[in-house]
Amino acid sequence: MRYLIILLLCSITASAQSPHAKLARVDIGHVQWTSGFWADRFAVCKNTMVPQLWATYHDPQLCHSYKNFEIAAGLDTGHFVGPSFHDGDFYKTLEAVAALYASTKDPLLDKMMDTAIAVIAKAQRPDGYIYTKAIIEGKGKFDDKLSFESYNFGHLMTAACVHYRATGKRSLTAVAEKAAGFLAAAATTTTPAVCPSHYMGLIDLYRTTGNKKYLQLAERLIDLRGKTAGTDDNSDRAAFRDMQRVVGHAVRANYLFAGAADLYAETGDSTLLNTLDRMWVDVTGRKMYITGGCGALYDGVSVDGISYNPDTVQKIHQAYGRNYQLPNLSAHNETCANIGNMFWNYRMLELTGDPKYADIMELTLYNSILSGVSLDGSSFFYTNPLAAAADNPYTFRWAGGRQPYIALSNCCPPNVVRTMAEVSSYVYSTGDDGVYVNLYGGNTLDLKEIRLTQSTDYPWDGRINISIEKAPAGKYGIHLRIPGWCKKAQLSINGSLLNLEIASGTYLHINRKWKAGDRISLVLDMPATLMTANPLVEENRNQVALKKGPLVYCLESVDLAPGQSINDIIVAAKTIWQPKEMKISNTLIMALQGIAQLRQHQQWQHTLYQELNSSARPVTIKLIPYFAWANRGKSDMSVWLPVR
């Protein structure tokens, strides 16, 4: 009975009943894409991303993830193959299928999940332990603090909760609850720390089942962080509440912050929120890319390392660096870290109702997350740099461009696919005072109290129309997000322009008695704007990036004439940028075209310095949305361009 009640009340993250969250996410099944940008992306997710990813994980010649479960279950023989976090990769894939099923109710998807879940359940040991690498190899349980057991457990829990809310079936939650029981018994004096997806997973499990022991376990695990020798790379050298700045692996840090935000939503422990506020200021004010990307460094040393005490220096990888250390060509920005950034900011939005978090959520989603999957949905990025050079003299350890399968570490593809399948669940939130519109796109929202339709060409255009199809009986609030980048907006209701002072970076609150047929028209001013970076960001001095609405743009060498180089382009500060429709990989996008200066090309082979060449001529250039680059073969690319 407890499951049934919660099923009717919960969203994808089941935050509707969280006592310390001001907003709750709308269930994924109540929002349907209809037309426009996200309807197109969802169609690619449904028709290409999910089927291809499912096939990939079931092909033992390409990826051994599902085969590992079959071997662990005794259904086949063989050795464990792949990275230790492969179980979690498959759980994320399963979650993507569950989210897709929530929107489509395709019985084939349901059957696919049933088959896979039966194998996973058979692979689980009687004590709840499920980690195919250790089971197949006969190793101990949680005997390596740097293993990915808890990471896998966390993704299992989250996938199980999404599966239950989509189907009403308890088959996977039964596996997740047994795993959580094992985790509780194992984590008594120390906490498995690598890539802590298990905080989000445990809170999901608590919200789904109502069993407080999962909430208590999450609290205990947070409290144990930093009690024993930890590392900056895992963000556990210090206790969570003592953290003063973000260090180390960006995925692990962002997952930690998202999980701590979930915990605050249930407990109201202000010491958690204090740390989250400090970390948010540190990331967004000093360490985040203009695309919302996180984790600048491939490899490095801890910011806490000091030269006169070398023993304090620790190696870090895929990590946040020092303040304003934001290289472009060598930017790491793992897709999973960027997804973690969105998870964290959405949860902060739920806690506070402050739209500044929605601004970061939207920025990250449209740029550094969407860039992680090709336009046709068939290949993926592990890293998301802000510049690329075909003649770069060295190869990065995680280089390789877009790939259908990233053999060394395929964690990002299923992560971005589940995110694409679940975008509709971020569009709206509900609060005590009505519905909040966080993101814009063509869709229908169908709640018990209200049904509305949103139509728009956003993000290409700032005009949004909302039609009320079913209205509440009394007064009801509709709260429209005015993005921080929008300096001017207009609102009309039923064709009448309202004389309102509309401030950027706020929710525009409309509280009135609605009737079926009412029409809301919101127009967000969306000029193309040149952005500059803090001068402490050394690589971006005297350079600009072009941004229009939530989209960051870039120059790709494919759009230059033969013989022209990105390195020779200079943007004029007063350039007028004109929108131009174009297709890339059979996908309609809006490019921005303007007049720049092309310097006379200089040869630099075996040359480090030359006299300034000031000879230049006008040239028409075309910039494309950052998420669309690298879909036309190998190319040079840059987000930041010199300006004069």
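Predicted model: local features only at pLDDT ≥ 70, side-chain atom pairs only at ≥ 80, totals over all residues.
Two packed helices are described by the angle between their axes and the distance between the axes. Helix α7 spans residues 149–167 and helix α8 spans residues 171–186. Their axes come within 8 Å and cross at roughly 150°. Angles over 145 degrees count as roughly antiparallel, and α7 and α8 are therefore roughly antiparallel to each other. The crossing in which α7 passes α8 is left-handed. On the α7 side, the contact is made by Phe-153, Leu-156, Met-157, Ala-159, Ala-160, Cys-161, His-163 and Tyr-164. From α8 come Ser-171, Leu-172, Thr-173, Val-175, Ala-176, Ala-179, Ala-180, Phe-182 and Leu-183. Sorted by class, this contact of α7 with α8 holds 14 nonpolar and 3 polar residues, with no charged ones.

Attention now turns to strand β12, residues 475–482. This strand is mostly covered, with 7 of its 8 residues buried. On the one hand, β12 pairs with strand β8 (residues 434–437) in the parallel sense, over 3 bridges. Here Tyr-436 can be found opposite His-479 of β12. On the other hand, β12 is joined to strand β15 (residues 506–513) by 8 bridges, and these two strands run antiparallel. In this pairing, Ile-478 stands opposite Ile-510 of β15.

Notes: Residues numbered from 1 in each chain as written. Heavy atoms only, no water. Axes fitted to C-alpha atoms, helices over the stretch in contact; angles between N-to-C directions. Helix = DSSP H or I, 4+ residues; strand = E, 2+ residues; numbered from the N terminus. Parallel < 35°, antiparallel > 145°, perpendicular 65-115°, else oblique. Left-handed = near helix turned anticlockwise from the far one by under 90°. Contact = heavy atoms within 4.5 Å. Nonpolar A, V, L, I, M, F, W, Y, C, P; charged D, E, K, R; others polar. Buried < 20%, exposed > 50% of the residue type's maximum accessible area, 1.4 Å probe, protein only. Pairing = 2+ DSSP bridges.
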